[in-house]
Structure formats: structure tokens, C-alpha cells
Amino acid sequence: MQSSPLNFRRAFIWLGRLVLGVIFAYAGISKIFFPNTHLWPMFVLRFSISMNISSFAQQVESYKLLPPSGVSFVAHTLPFAEILLGLLLLIGWRLRIWATLVTLIMMGFLTVVTRAYLLHMDINCGCFATPEPISLKKIFEDGTLVALALLMTIFSFQEARKPHPWTAPESA
């Protein structure tokens, strides 16, 4: 008997792609395009991409993990990488590669946020455009997303080992 085209693993992969893809795309877009709240009187500068990226660079620097060149590199590449990874997850092309990369990035985010919480740093997360202080709630959210990304990656590797029921040859 042929298996169903939609089983638990495929449904979980689909859910992970949708949730993580939207979150990653939104996080990147918010870091680049959402108005900068620090320069509210100067209307033109509120919507400046370079000002938004420099504001994100300040948030990255507040973690005190990277030298200035590393902060600049992360601030200028991470938002665009998040948008690209989010779209690639939503599309589903080469899912095993992008799911693995998203899982590693999410594990890095969880590690950095947990470190900042344990060191009692009074800083903003830097996840989205809205300032959000680091708390146990943020660690729990990131941990949940890491678990989702990890299961999505594991299931995508398991599903890749066997042919999809719709493409499997009919047996006589």
C-alpha cells in the first residue's frame, strides 16, 4: 500500500518552512526598512536604510562579542541573508541546505541571547525593528524556534531518502 503524500514529517516540514520562512523574512525586512525610531524628528532620516542598518549595528555591538569590523559585517549582511533564507525556506528549493543553515543560525541566536541574559546585560534583542529586552521569554521563544528548525531539518533529511508517493512508480 502506498503511503500518503502528507504524513506527519511532511506536515511538520511544511509548518517549519512556513513559520521560519515568514519569521526570517520579516526579521530581515524590519531591520532594513522599518523606520528608525531614534531619529524621529528628522522625517527623511527615519526611512533611511543606512540609518536603520547603523541602528542595527549598535544593537549587535551591545552584545560585546565582535570587534568593530565584525559588527559592521554582521550588520550589513545578516538582514539581507535573513530575507534570502526566509524566501528560500518558503520556496522549498534545496531545503536540506537552507534548513541546516537556518538551524545553525538559530542556534547561534539562542546562544548569544542566553549569554546576554546570563551576564545580566540590559540590552535589546535586535531581532526585529521594535526594541525588545532580553528575558526568559525571549530565550524560550528562541529555544522553541531552534527545536522547530532542528526537527524540520532532521525530517527533511529523512524524507529525502525515500521517493515521494506521487512520483513513485506504480507497481503491477
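The model is predicted: local features need pLDDT of at least 70, side-chain atom pairs count only at pLDDT 80 or more, and totals for chains, interfaces and linings use all residues. Residues are numbered from 1 along each chain as its sequence is written, and side-chain values use heavy atoms, with hydrogens and water left out.

**Overall fold**

The protein has six helices and zero strands, in the order α-α-α-α-α-α from the N terminus on. Helices (H or I, at least four residues) and strands (E, at least two) are DSSP runs, numbered from the N terminus. The protein holds 172 residues, of which 37% count as buried; buried means under 20% relative accessible area, exposed over 50% and partly exposed in between (1.4 Å probe, protein chains only). A contact means heavy atoms within 4.5 Å. Of the contacts between residues at least 6 apart in sequence, 66% join residues at least 24 apart. The accessible surface is about 10,500 Å², and carbon and sulfur atoms account for 72% of that area. Accessible areas come from the Shrake-Rupley method with a 1.4 Å probe; for residues, only the protein chains shown count as cover.

**Nonpolar surface patch**

Which residues form the nonpolar patch on the surface? They are Trp14, Leu15, Leu18, Val22, Leu87, Leu90, Ile91 and Trp93, with about 790 Å² of accessible area together. Patches are made of residues with over 30% relative accessible area and no salt bridge, where like charges are joined within 9 Å and nonpolar side chains (Val, Leu, Ile, Met, Phe, Trp, Tyr) within 5 Å. A salt bridge is a side-chain nitrogen of Lys or Arg within 4 Å of a carboxyl oxygen of Asp or Glu.

Helices H1 (8-33) and H4 each supply at least two residues of the patch. H1 gives the largest share, four residues. Trp14 lies in helix H1 and counts as exposed, at 53% relative accessibility.
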